[in-house]
Amino acid sequence: MSTTSHTRSGLTGAQAARRLAGEGPNTLPAGRRTPAGVLLIREMVHFFALLLWAAAGLALLAGMPQLALAIAPELSPPTR
């Protein structure tokens with residue numbers, strides 16, 4: 001980028017046209033979107049989610065299915 005004198009009014013039309021021709025438009029590249037299925041899997045298997053799954057499994061082994069459902073919110077029925 002060339003150095004130019006800065007003024008209160010900004011670049012002149014000629015300077016702006018020269019920069020646009022040389023460097024292209026001032027836009028960000030489009031970001032890549034992560035598929036919804038991948039996002040769902042990531043939510044289910046991060047560290048704290050795995051701890052909750054293990055606790056829910058232990059609650060089931062202990063014969064407390066209500067507690068298991070309360071611990072594992074992905075399995076809980078929706079509340080109204």
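1. Let me start with F47: in this predicted model, its relative accessibility is 56%, so F47 counts as exposed. F48 comes out at 57% relative accessibility and therefore counts as exposed as well.

2. These two phenylalanines are worth a look together. A search of the whole structure finds one aromatic pair. The ring centres of F47 and F48 lie 5.1 Å apart with the planes at 70 degrees, which means the pair is edge-to-face, the cut-off for that class being over 60.

3. Where do the residues of the largest nonpolar core come from? This core has five residues, namely A56, A59, A68, I71 and A72.

4. Apart from neighbours within four places in sequence, A59 is in contact with M64, L67, A68 and I71.

5. I41 sits in helix 2 (residues 36-45), and its relative accessibility of 52% is why I41 counts as exposed. As general background, nonpolar side chains tend to be buried together in soluble globular proteins.

6. Is helix 1 (residues 13-23) largely buried or largely in the open? Of its eleven residues, one is buried, so helix 1 lies largely in the open. Just after helix 1 comes G24, which takes a positive phi of about 90 degrees.

Notes. Residues numbered from 1 in each chain as written. Predicted model: local features only at pLDDT ≥ 70, side-chain atom pairs only at ≥ 80, totals over all residues. Heavy atoms only, no water. Helix = DSSP H or I, 4+ residues; strand = E, 2+ residues; numbered from the N terminus. Buried < 20%, exposed > 50% of the residue type's maximum accessible area, 1.4 Å probe, protein only. Core = buried A, V, L, I, M, F, W, Y, C linked by side-chain atoms within 4.5 Å. Contact = heavy atoms within 4.5 Å. Phe/Tyr/Trp six-rings, centres within 6.5 Å; stacked < 30°, edge-to-face > 60°.
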